[in-house]
Amino acid sequence: MLDLAIPSPPILLLRVGVAAVWLYEGLWCKVLAKAPSQKEVVSAVPRFGGWAAPFLMVLGVVEAALGVWVLWGFAPGLCAVTQTVLLVTLNANGLLWARNMIHDPAGMVVKNAAFLMLAWVCGAAGGVRP
């Protein structure tokens with residue numbers, strides 16, 4: 001069997017990929033409200049119903065800021081931990097309160113686990129030193 005070795009992509013390219021996901025989720029889906037199903041999911045969380053739109057706006061700004069942080073490359077390990085805490089918290093609440101509204105809960109978990117692995121590769125690669 002032919003074994004074709006390929007080089008690892010540059011860390012900047014990996015960071016761009018991770019940042020693009022956060023920017024898409026934050027700006028497009030939440031700040032610009034292009035994913036109305038997200039409001040339905042947040043509304044299903046007890047005591048969040050009336051706060052869904054403002055919560056999503058704040059969350060969108062936080063997610064976009066994470067994207068910028070990933071691109072910046074400062075404290076990449078802390079950035080990876082922050083991404084993990086946020087994504088696990090969001091996924092857990094979505095599964096707990098709105099599982100029936102999530103199109104493919106198992107797929108969401110698998111995709112987000114793979115995404116977090118990429119975030120951790122970026123975190124482990126080192127970054128900008130103060």
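Which residue follows H3, and is its phi positive or negative? Select Gly73: this residue comes after H3 and has a positive phi, near 80°.

The model is predicted, so local features need pLDDT of at least 70 and side-chain atom pairs count only at pLDDT 80 or more, while totals for chains, interfaces and linings use all residues. Residues are numbered from 1 along each chain as its sequence is written, and side-chain values use heavy atoms, with hydrogens and water left out.

Next, select residues 52-72, which form helix H3 (helices are DSSP runs of H or I, at least four residues, numbered from the N terminus). H3 has 21 residues and reaches 30 Å from its first C-alpha to its last, close to the 30 Å expected at 1.5 Å a residue (the expected span is 1.5 Å times one less than the number of residues).

Within H3, colour the buried residues, among them Leu56, Leu59, Glu63 and Trp69 (buried means under 20% relative accessible area, exposed over 50%, partly exposed in between, with a 1.4 Å probe and protein chains only). Display helix H1 (11-31), helix H2 (36-43) and helix H4 (76-98) as well: the buried residues of H3 pack against these helices (contact means heavy atoms within 4.5 Å).

Now select Lys30 and Glu63, which form a salt bridge with the closest N and O atoms 3.0 Å apart (a side-chain nitrogen of Lys or Arg within 4 Å of a carboxyl oxygen of Asp or Glu). Lys30 lies in helix H1 and Glu63 in helix H3, so the pair ties together parts 33 residues apart in sequence. Both residues are buried.

Glu25 is partly exposed, with a relative accessible area of 25%. Shared partners join Glu25, Lys30 and Glu63 into one network.

Note on methods. Helix = DSSP H or I, 4+ residues; strand = E, 2+ residues; numbered from the N terminus.
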